[in-house]
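Subject: Structure handover

Hello,

Here is the structure for you to look through. Please open it first, then read my notes below.

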Amino acid sequence: MSVLNMSSQDKTDTDLRQEEEHSSSEDNKQEGVICLGNNEVKSRAVVKYSAAPPPSSYALLQEKTDLKLPPANWLRENAQLGPAGTTILGSSRKSKPFSSFGMAFDFIDCIGDDVDVVSDSENIKKLLKIPYSKSHVSMAVHRVGSTLLLDELDIQELFMRSSQTNDWTWLKEFYQRLIDQKWQRKKKSKEHWNEKAILSKFLYYSINSDGTAVSVPSDTEQTGDEGCGAGTDGPSWPATFSSSTTDSEESALPKEEQVDTYALGHVSSVPKEQNLPTLFNEGENSQGLRNDFVRNILWTFEDIHMLVGSNMPIFGGGRYPAVSLRLRDNNKPINVLTGIDYWLDNLMCNVPELVMCFHVNGIVQKYEMIKTEDIPNLENSTFSTRVVKDIAQNILSFLKSNCTKEGHTYWLFKASGSDIVKLYDLTTLCEEAAEEKCQNPFTLPVAVLLYKVASNMMLKKSQNRKIYGTIRTLLLNCIKLLDEDRHPQIIASAHYMLAELFQLDDVSEDEGNGESLRGGGSEDSYSDEDEEDEEEDEDERCSFSTASEPQHDSKAVAVIKSVGELSVPEKYKSTHQIRPNFAYPVSQDKEEKCRLVLSYVLKGLKAVDSSIKKESDLPAADPSTPIPLKYEERSPNGAREVEQEIALLLDRVGPCNEELKVPTRSGMLPGTWQHRMKLQLFLKASKAYYVLSDAATNLLKYGRALRYIKLALQCHDAYCSISGGLHAQVLLFHCQCLSLCGDVQLMLAQNASNRAAYLEEYSYQTKDDQEILHCLHRESSCQAFSMATDLALDPEYQLIVSCKCYEAAHDLLTSGVLKDQAQEQLGQVLKRLGNIRNEMGVFYMNQAAAMQAEKEGVRRSVCVAEQELWKKSFSCFEKGMQYFSAISDSVNTALLLCNIGRLMRICAQAHCVITSEQSRGEFSPEETLYYNKAIDYYQRALKALGCRESHSAVWDSVNWELSTTYFTLATLLQDYAPLSRKAQEQIEREVTETMMKSLRYCDLQTESARQPLYQYRAATIHHRLASMYHSCYRNQVGDESDRKQHKALAEQHYSKAVRLFVNLSDAPCELLRTLLERVAFAEFTMAGQNSSAVKLKTLTGALEIMCETRHAFRLIHKELLEQQENITKAEEKPEEVPEGSESSSSSELNTEEVLKLIGIFEPSFSFLLLQVIKLSSASKRKLSGKEEEQVKIYKSVYSRLLRAEKSDPLIQRVSLFLELLDQLNPPSGSEEPRSSS
């Protein structure tokens, strides 16, 4: 095995260290598994970073070498030894309580989940030797995610310092009250220092046996700065962080707090060199926060993952590529504690062998090489590796189960000579203390570490959404620890990251239950002191009063009653969740998400504002006073002026390349962290309000939606006020805001009936909204978009505003910055523009129709106002078609063409001629012109669609409108024939052609909702044509061939009309009328016949037609029965009258029409029966028996018909007709199918 070969480097350079870790992680890893006899323990070590040069061979000292004499290079810096050679002498042995934080800052990726423990290797060894050792243990424990950070907490040094600063008075009193009533510090013995000096000289001899001095490489100078220099004169403990900033320093604090925040990534680039350790001053506050270890190792011991820092020198060369070097007094045997110490050091550094040099009174005696796996079996130093493994697992489980609160400082303490281990929560004790100066110096480092871990995880959140809840917990705990007045930048950035956790453009976020990622570093000194010496030191340092130690300590979080318990396998097996159940979940409700985002944005803005020293010239705003949201009714002039006023939008949002060089309205300087943070917070707030507006729109809460989009645009206005230029993504989002604002204004225009409710929604404001508005007003008046977001009472104004919003978005998307970058969004805006133009066209068209309806039946001419409305409507439709054509939207183009067709029909109706008698005049040329234009636009619509398959619903709609237009034109031509301008024959020809065109577009084959309508229209067309030919046949004199042709055509169309009406169940009156006209046609034909036989045949045929009315009467009878039943039910249950009457009113039978038709039916039926009886009786030919029987039936029916009372109820008369028709022609099973064929 060989030790990792890495070049020496400046270890304060965090970026280089992380770069090396990532770029050469595979090539530069050393790992191994060491098996130790029957007690196998799995150990794997991966060097994450090393500042040591390649291991060089050590010098074997000659026997009798006197180690009391110093070598020539003694105490000079050496890269091979690192700080070990000097720290052994105690020159830099001052406690560094933040060594684990230095490692955590450097390897932030490891912190949170993968790594269980981050600590100095000396602390790890001290913990694992607790059951074997009588020495005291004092460590600070912090939890970040599932990672524990362990640091030595030198109580004696703290108390010495507290006598000068009074910072730790509360802990001193607590210590004296609960743990040790009397303590004093003793100096170490002369023998102790002599042994340290001999060890130091031995190491220097081993690297340079010829006794000459070794030159110190320039790139390692910094490594020893703390080892021997002026730095050792002052205290190693940093001053209390939360009280370190004086008033005179506060003005410079924003410059010192150069946070490399996740929050500042989009608008302005933040140099990567700005990292979090620079939050602390480079003076005494920075001591202990750097990673000063020679190597950082990711050590896996069984199932425990640890990031440890080690300064142990490693030698190599020849047959032994990696060995550790130890010095032992031959007169003192190796004990268990020393054996565990050597064994753990070799495991952590993955060193397979140990070289032991024995001496007597400083005189070298011999060397001995021992394999690492043999160390547990040395004489007088035998120990079980499995027990050490159990101790490690029990201690980790104990700490993880009880150190549960992130941000709290826990104190693990065991007094010298005691078997009891206690865990205290110093944060809680600190909060309970009465002194004002009671401060916890760990607070700021812990907060910054929580922030850094969360910030690092934010960069990877897109890879694993399950960590969202973890990030949120880290950030909230970070915020709890910090003072807003002293650290506004971290607080503002943390709140922004909390807001960023909620991806508002993605509604399918998972709840964050995962854990954060991992990372590590190192910092502490390698010590080769023997454990027995350490125990002596402990006894010398202070005398503990263990006899008076209380058995029960109410202040302790947890207690290990006896260190012997740690050797019992799984005694403290942890069932505690690393991330407790109360980890903050990420909500799924969209509105709740946005509200949380806005609350974080508000807190972030307050933190930024509190750090800006120059107060604004604005009068102080009262957050409890709402800022009014304007609404007003626009006059027609205002509606026209809006085009000019809203055009100013583009001046406000246009991209600008000039950077701001003057302070903002609040006195904030461009380029500062406050400036960058406000940009991001304003943008995030704008996005949150946009999502709220969109959600409110989907819920049809348009007043609320307008209020939210107003706030979104006000946030954007404030953003523009402090931004020197707008990036493409910001402009794209602004286009979305304008589009949504247009949507909301359009919906308000279409739902004018609910205006009161919308006004109430629009006027409501939450406290957070009010406070955010006041924050915005520190930078901007927020009035740039007021025209677009006011709640007007005029639908026309709202439509214009909507259109202008879309046009502003379109102009932005087609500008130089966004050109060719957002084609999809441009297509959506063009579609919206086409739609709003259509809505405006329909609005003006309906106004014209309403104006026309007001003059219904009154003699009038087309007024100027109507013509203006037509022009506006037509212009809007044309522009809409242009937008739809730009995106090749043939369906919507067809719909707009269809609307223009309807507009042409309205124009035609307006040109209707009213005579002096207030009746309808002849069909005018203007009407013909506009109806033909309408037909042209409908045909263009069908051409745009191409075929029915492209969009069947639109195709059917256009097809129906085209058929209707042809039908209306033909009907008007027929009913109000322009005989003053055209000949009768020409009119008849035009009517026939137009009717047949209408019939051509009647789709009788396709099953759809309109099929009954098409059938009714086709039947009506045939009926009208039959009536026209019937009239021609009766009135025409002259050419017999023309009369025959008209007769044939009349018969043909009557027959087709009857077949179509029979298929309809809701047109009995139309069927009855058609049949009666057909009977009349037969009667007229009979009148021109001379032969009795021919007349009888014609009359018989007419009676057969009359019998076909039975189907119509049955339908009428059925509806009359239903009406009668409804009336009866209504009388029985009066409370159901309104509901029943409403349901039947839509399909109620027209009884007046039925009575009128019966008035025609009865005399016609009587006449036919009478004529048949007469002709049959007067016949010279003798009647057959069957014929005589038929004549009797005719007489019987005729007799009953004559006796029928006209005053009887309608339903009785209809029943009588059905009986008579059945008697005249008994129904057969095939009758109805025949009539339906």
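How many aromatic pairs does the count come to? The count is 23 aromatic pairs. The rule covers rings of Phe, Tyr and Trp (its six-membered ring), which pair if their centres lie within 6.5 Å; planes under 30 degrees apart count as stacked, over 60 as edge-to-face and the rest as tilted.

Before the details, two notes on the source. This is a predicted model, where local features need pLDDT of at least 70, side-chain atom pairs count only at pLDDT 80 or more, and totals for chains, interfaces and linings use all residues. Residues are numbered from 1 along each chain as its sequence is written, and side-chain values use heavy atoms, with hydrogens and water left out.

Aromatic rings

Start with Tyr690 and Phe733. They form an edge-to-face pair, with 5.6 Å centre to centre and 70° between the planes. Tyr690 lies in helix 20 (residues 673–698) and Phe733 in helix 22 (residues 728–750), so the pair ties together parts that are 43 residues apart in sequence. Helices (H or I, at least four residues) and strands (E, at least two) are DSSP runs, numbered from the N terminus. Tyr690 and Phe733 are both buried. Buried means under 20% relative accessible area, exposed over 50%, and partly exposed in between (1.4 Å probe, protein chains only).

Lys687 lies over the face of Phe733, 6.0 Å from the ring centre. A charge sits over a ring if NZ of Lys or CZ of Arg is within 6 Å of the ring centre and within 35 degrees of the ring normal. Arg707 places its charged end over the ring of Tyr708, at 4.7 Å from the centre.

Now take Phe874 and Tyr937. This aromatic pair is edge-to-face, at 6.4 Å centre to centre and 70° between the planes. It links distant parts of the chain: Phe874 is in helix 28 (residues 864–886) and Tyr937 in helix 30 (residues 925–945), 63 residues apart. Phe874 counts as partly exposed, at 24% relative accessibility. Tyr937 counts as buried, at 12%.

Ring pairs link Trp299, Phe301, Trp343 and Phe383.

Helix packing

Helix 17 (residues 590–611) packs against helix 20 at an angle of about 160°, with the axes 9 Å apart. Axes are lines fitted to C-alpha atoms, for helices over the stretch in contact, and angles run from 0 to 180 degrees between N-to-C directions. Helix 17 is therefore roughly antiparallel to helix 20 (under 35 degrees counts as roughly parallel, over 145 as roughly antiparallel, 65 to 115 as roughly perpendicular and the rest as oblique).

Helix 31 (residues 952–975) and helix 32 (residues 984–1000) have axes that come within 8 Å and cross at roughly 160°. Helix 31 and helix 32 are thus roughly antiparallel to each other.

Single residues

His1053 is in helix 34 (residues 1040–1062). It counts as buried, at 7% relative accessibility. Its C-alpha atom is separated by 4.9 Å from that of His1022, 31 residues apart along the chain.

Which phi values are positive in a residue other than glycine? Asn380 has phi near 65°, and Cys782 has phi near 60°. Asn380 is in the loop between strand 9 (363–371) and helix 11 (385–402). Cys782 is in the loop between helix 24 (767–777) and helix 25 (786–789). Asn380 is exposed, at 51% relative accessible area, whereas Cys782 is buried, at 3% relative accessibility.

Best wishes
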